[in-house]
Amino acid sequence: MRYVEVGGARMSVIGLGTWQFGSREWGYGSEYAERDAVDITQRALDLGINLLDTAEIYAFGRSERIVGRAIKDRRTDAFVATKVFPIFPLAPIVEQRARASAARLGVDQIDLYQVHWPNPVVPLATTMQGMAHLVEKGTVRHVGVSNFGLGQWKSAERMLGGPVLTNQVQYSLVTRKPERDLLPYAAAEGRVVIAYSPLAQGFLSGRYDGTNTPGGVRAGNAMFLPGNIEKAKPLLDALRAVAAAHDATPAQIALAWVIRRPNVVAIPGASSVAQLEKNVAAAEIELTDDEDARLTETSDAFNPTTGLNAVPHLLRARLRR
Ligand SMILES: NC(=O)c1ccc[n+]([C@@H]2O[C@H](COP(=O)([O-])OP(=O)(O)OC[C@H]3O[C@@H](n4cnc5c(N)ncnc54)[C@H](OP(=O)(O)O)[C@@H]3O)[C@@H](O)[C@H]2O)c1
């Protein structure tokens, strides 16, 4: 495993996303929540992953509890990241919520506490004041944000009076916006971009097609529309070709591409221990400059139907289910 070390933190370039743990919207069932999720987390730690990403909102605290169970006897192996869901993120509320998350996780200190989304109404200054208190008291080691633009990230730093170490954003071969300004900022200033949905929720595995698309939360993900799967054929073919050269899978190549960027770590979720093991192995894959360029150029040419344009297609797909 490779690690990114900045600002006194050390994070594995492949982490583990745990939104899936106990969440109805992923539909993995009770056996997954009760047994597999703990096995996945412990195997992740065995294989050198230390970055575990959860949030108070995931399965309404259940994901944090599962992570807590998995790390119970090996706290020092884990770099635990969780998030405050920013409904009324006033300083005292942020502090109270951090303590509640720490209790569910069974830890004295949260390694990375992130603001899950910017709140358009509550001033960021009060949220960051709460964060600063948490750091002073030792409840939190590092502060992060999520889904913040560059201007918001910098404002958060001014209000905190120090570095906001990470910004967790959607980043993959099909979602490249963070390259415009977040990645350059992280690389230049010693910050980290945590890439969520690095496999585009499994889309980049290439296992889904027009006749086999996932349900649950992914039924609302425009990427899985048959038209987009068709448009993605050149990209998925490029992933397959590069994968063949490395005796790897398309999903592994998609992850290797993300973590080739400086100061970027990825936090794929996993539906099985086998997937987790593949994701860990992706950290060892060294893409050549030519392979990287081929994937990047094919990604540039991919023009999926998204946003409002995708809504009628998603509604039609839902009616057909
Ligand atoms: N901050 C935020 O707002 C935010 C938003 C979303 C996610 N996140 C975080 O980011 C994490 C990851 O994002 P995500 O779960 O949305 O998407 P993702 O990591 O891109 O996709 C995860 C899904 O891909 C499939 N998969 C994983 N490894 C695979 C492999 N090796 N081969 C083939 N398929 C594989 C699995 O689904 P199947 O096997 O069922 O296909 C798995 O559930 C979340 O768990 C969460 O911690 C944060």
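At what angle do helix α3 (residues 91–105) and helix α4 (residues 124–137) pack, and how far apart are their axes? They pack at about 45°, with axes 7 Å apart; axes here are lines fitted to C-alpha atoms, for helices over the stretch in contact, and angles run from 0 to 180 degrees between N-to-C directions. This is a predicted model, in which local features need pLDDT of at least 70 and side-chain atom pairs count only at pLDDT 80 or more, while totals for chains, interfaces and linings use all residues. Residues are numbered from 1 along each chain as its sequence is written. Helices (H or I, at least four residues) and strands (E, at least two) are DSSP runs, numbered from the N terminus.

**Helices α3 and α4**

- The angle makes α3 oblique to α4 (under 35 degrees counts as roughly parallel, over 145 as roughly antiparallel, 65 to 115 as roughly perpendicular and the rest as oblique).
- From α3, Ala 91, Pro 92, Val 94, Glu 95 and Ala 98 make the contact, and α4 brings Thr 126, Thr 127, Gln 129, Gly 130, Met 131, His 133 and Leu 134 (in contact means C-beta atoms, placed from the backbone, within 7 Å).
- Six of the residues in this contact of α3 with α4 are nonpolar, five polar and one charged (Ala, Val, Leu, Ile, Met, Phe, Trp, Tyr, Cys and Pro count as nonpolar, Asp, Glu, Lys and Arg as charged, and the others, Gly among them, as polar).

**Helices α1 and α2**

- Helix α1 (residues 29–46) packs on helix α2 (residues 62–71) at about 55°, with the axes 9 Å apart.
- The two helices α1 and α2 are therefore oblique to each other.
- On the α1 side you will find Ala 33, Ala 37, Val 38, Thr 41 and Gln 42, which meet Arg 62, Ile 66, Val 67, Arg 69 and Ala 70 of α2.
- The contact of α1 with α2 has six nonpolar, two polar and two charged residues.

**Burial of α2**

- Seven of the ten residues of α2 are buried, so the helix is mostly covered (buried means 20 or more other C-beta atoms within 10 Å of the residue's own, exposed 12 or fewer, partly exposed in between, with C-beta atoms placed from the backbone).
- Among the buried residues of α2 are Ile 66, Val 67 and Ala 70.
- Their partners in packing are α1, β4 (51–53), β5 (79–84) and α3.

**Around the ligand**

- Of the 28 residues around the ligand, Gly 17, Tyr 196, Leu 199, Gly 202 and Gly 269 come nearest (near means a C-beta atom, placed from the backbone, within 6 Å).
- Helix α10 (residues 273–281) gives the most to this shell, with three residues.
- The shell has ten nonpolar, 16 polar and two charged residues.

Notes: Contact = placed C-beta atoms within 7 Å.
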